[in-house]
Amino acid sequence: MGFVGRKDELMELKSEFDSKDIFAIYGLRSVGKSRLVETFINQLSWRSIWIDMGNMKSMRPVYMTLLQRLLPDSVSAQRGISRTPTVAVEDWWTGIQSIINEGVSEPTVIVLDNAEDVVETERIAMEFLQMCVLLTSTSRSIKVFVTSTTEMSFDENSMISLFSFHLKALDQESSAQLLSANAPTVNFGSNMATIVELCEGLPLALLMTSSILEDKESLFAAGDMVRLLRLCRMEVLSQALYQRKERIGNVYGEFLRRLSVSLRNDLATLVYIPGSFTDSQASAMIGNTSNKETHITTIQPIMRRNIIHHIRGTDRYDVHGILRDCVALYLDVKNLPETRKRFCKIFARLIIAISEKVDSSEYLEGLCLYNLERQNFQKLLTDVMYTTEDTYGLYMELALRATHVIQSFMIEYDFKFYTELMRMCRNNKNYVDEVCIQIQYGSALTNVQGDLMTGETNYMKALTFLEHNSTNDSTRDLRPIMALAYQRIGWNIGCQGRCQEALRYLYKALKLEQDLNMYYEELAMSTIQSLSCFHVTSGNVKEGIKLHQEALKRRIECYKTDQHPYVASCINNLGIAYRKLGQEEEALHCFQRALVEKKDTKGTGKSIAISMKNVAWSLTECGNHVEAWDKIEEAFSILNKTPNLYLEIRCYCHAVEGRILRNTGQDEEAIQIYKMSLTIAKSHAPVFLFECMIHLEIGELQFKRKRYDIVLKRLEHVFKVGPSLISEDPSSDILIDSYVVAIDCHVALRDMYMATLRGTYAVREIERLLQVCNDFELEDKITTLKKREYELKEKIRNMKMIEFKDQSKTSNLPN
């Protein structure tokens, strides 16, 4: 097998070789230290002497080997010296120096391989280091290479010509080269990067993986190997068909067993933290009161053995991934219940603190801290199943106070977390707590999964309990929980298009929040923002804009900056108000500004996708279809990372996609996309306002293809919910537009009676709309409606004339 990679490391050794005498190469077990040294020495014209230092308990075997191998055969023969000295040598160093001075003339590299046992044994470590210095100081023709998993420590004041080198795992490119070189017949394709990542740059792991894939009898393809490594990496890389010394589990298991009992216990406890950690977190997990003591007695000794590494530029440490697997396999946590309790206390308090930052002007700092702790927080949520009396309160506080972090950034874990916590509340008969979690679960269903119907069901169950017990429970003020429930259910129902009902719930929430003086609290600001959205949707744009401005003012005052994703959401909602007024260019300006600010402030993927969807709609309405298509594709690329979540947003994005296709003349494709959007809406997000709009869009496209009967059948869906449509959005044009399309269908079918009847209904709807627009002071819309009314009445007059002529022709026909 040829040597792969390590070009930079070889160049570094070459550049230091002439000026240094001792080369200490240290790094993780089986990372390729010996192979690197061998490859480098083979490029030289020097003689090499290799001594395996593994398992040596004294220096005597090393001295004897040196005496044997330093003298060339010719000198030994002349002097009659045997390869195994029969003469006792009392002073080993004097003997070695004598032989070097008298018999070593050619340049020689002495490699002391696998020296960690000697380096870590305090009794002989100093003697070993002194011997290395002795060898190189006796002759300029001798250089010493030492490989070890543990870093060597020389006296800083000694005049030693040393080059110390930390060999790290292979980079991605070299790892891929090694895999390809040893499995030349395997088609890795897109699986190469994943296999490289799972092998973590360890040559031994890469070689074992390639040998399995190259084995014709194994029948494994690269995709199969990815699944195996993800499911059972240690088992795959430790199979009995390999020699014992080549099995990953055995190699690292023996390595770990060499640690002292106290270090093994501490390491097992630290590895319970799945991600990186700080000194203070390590101290709290181990149970030390002093971070300095933890660093000196635990972190540093384990770091010297390359089990833990320091993350450059931070105050954090981490354990190599495969070593984590080995620790979990070979080392037991001494007191698992206590370890879980400590883990919960550390990271529950931390995630709550981060959530407070996310809801403040310190959003970006909170987001950065979250990213550092993401793996640890994920384990925290899954550990809820081990909740005890000591940790129950922390988990409840976590569920109620870290809502935005959990539902914005931990969407793969929140449902199981809430479900498990509700089960515990129920078992312990903590019914108020159960209701609190049920509200959060409903919020996850609504805002994360996009399942509005199931979300509403959960909210209603919680609300029923709260309204029934609000006056019965004298031990706990339920008003904050009721305010939360009203706000959440108001948002859910409003998203389903039932705006008037939503407004009633939201005003109940606002009243409680005012009574509780919740002026700058996130809940109160969310309530005002929700009220503004549904006032706009229901046509009261003036009141909606007023509330938008109030929400924006409070958020900027609260965060002390306008650079926050929640502020950007306010600006996005203002764009919706302008769209309602028919001012598409102003709407586009707001949407684009909101999108830029969400990206700049690292808003959530869902929030960014919503803004992209809005920008795309406005762009296509303004005639910029190419850029609109780019934006909607970018929105889908975000949503497709979590294909089973955010269903209501996906539904709206499909509607925008259909609109762009329609605007570019791709009618059949647009119809299919609209139908896909309608299917999602009916299953998970039944917003009848939205559904009516899609039915109308499809009807207009099918009318162009003269499918008149199909169009009329589809428009019946709109007419059927007409009263509800008017109730929820009094200013909507959907009913008028549907009547106009229906009229044209009846005319095309020569059914003038139905055409005239639909026309009469349309005129009545316009008259109702004019009254609404007068109430809401929508002057531009009033002008447009009066023009449509005049045109429609003219059309009805013409249809009546055609109907009269047709009837006259019929009556004049002979019997």
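Buried means under 20% relative accessible area, exposed over 50%, and partly exposed in between, with a 1.4 Å probe and protein chains only. By that cut-off, Thr108, Ile110 and Leu112 point one way from β3, Val109, Val111 and Asp113 point the other way, and all are buried. This is a predicted model, in which local features need pLDDT of at least 70 and side-chain atom pairs count only at pLDDT 80 or more, while totals for chains, interfaces and linings use all residues. Residues are numbered from 1 along each chain as its sequence is written, and side-chain values use heavy atoms, with hydrogens and water left out.

**Domains**

- The chain is divided into domain 1 (7-166), domain 2 (172-233), domain 3 (257-334) and domain 4 (709-809); the bounds come from an automatic or database domain assignment.
- The centres of domain 3 and domain 4, taken over C-alpha atoms, are separated by 74 Å.

**The five-stranded sheet**

- Helices (H or I, at least four residues) and strands (E, at least two) are DSSP runs, numbered from the N terminus.
- Five strands form an open sheet in the order β2-β3-β4-β1-β5, with parallel pairing; two strands pair if DSSP finds at least two bridges between them.
- At the edges are β2 (47-52) and β5 (162-167), each of which pairs on one side only.
- On average, neighbouring strands of this sheet are turned by 15° against each other, direction ignored.
- β2 is joined to β3 (residues 108-113) by six bridges, and the two run parallel; Arg47 stands opposite Thr108 in β3.
- The pairing of β3 with β4 is also parallel, over five bridges, and here Val111 stands opposite Phe145 in β4.
- β3 is mostly covered, with six of its six residues buried.

**Helices on the sheet**

- Contact means heavy atoms within 4.5 Å. Axes are lines fitted to C-alpha atoms, for helices over the stretch in contact, and angles run from 0 to 180 degrees between N-to-C directions.
- Helix α1 (residues 7-17) packs on the sheet and touches β1 (22-27), β3, β4 (142-148) and β5; the direction of α1 makes about 175° with that of β5.
- Helix α7 (residues 122-138) lies across β1, β3 and β4, and runs at about 155° to β4.

**Aromatic rings and charges**

- Rings of Phe, Tyr and Trp (its six-membered ring) pair if their centres lie within 6.5 Å; planes under 30 degrees apart count as stacked, over 60 as edge-to-face and the rest as tilted.
- The whole structure holds 26 aromatic pairs. One of them is the tilted pair of Phe40 and Phe145, at 6.0 Å centre to centre and with 40° between the planes.
- This pair links distant parts of the chain: Phe40 is in helix α2 (residues 33-42) and Phe145 in strand β4, 105 residues apart. Phe40 and Phe145 are buried.
- One aromatic cluster is formed by Phe17, Phe23, Phe40, Trp46, Phe145, Phe163 and Phe165.
- A charge sits over a ring if NZ of Lys or CZ of Arg is within 6 Å of the ring centre and within 35 degrees of the ring normal.
- Arg340 lies over the face of Tyr386, 3.5 Å from the ring centre, and Lys379 over the face of Tyr272, 4.2 Å from the ring centre.

**Two individual residues**

- Ser569, in helix α28 (residues 565-580), has a relative accessible area of 18% and is therefore buried.
- Leaving aside residues up to four places away in sequence, Ser569 touches Gln529, Lys598 and Ser607.
- Gly665 lies in the loop between α32 (647-663) and α33 (667-684); the relative accessible area of Gly665 is 55%, so this residue is exposed.
- Gly665 and Ser290 are 375 residues apart in sequence and 71 Å apart in space, C-alpha to C-alpha.
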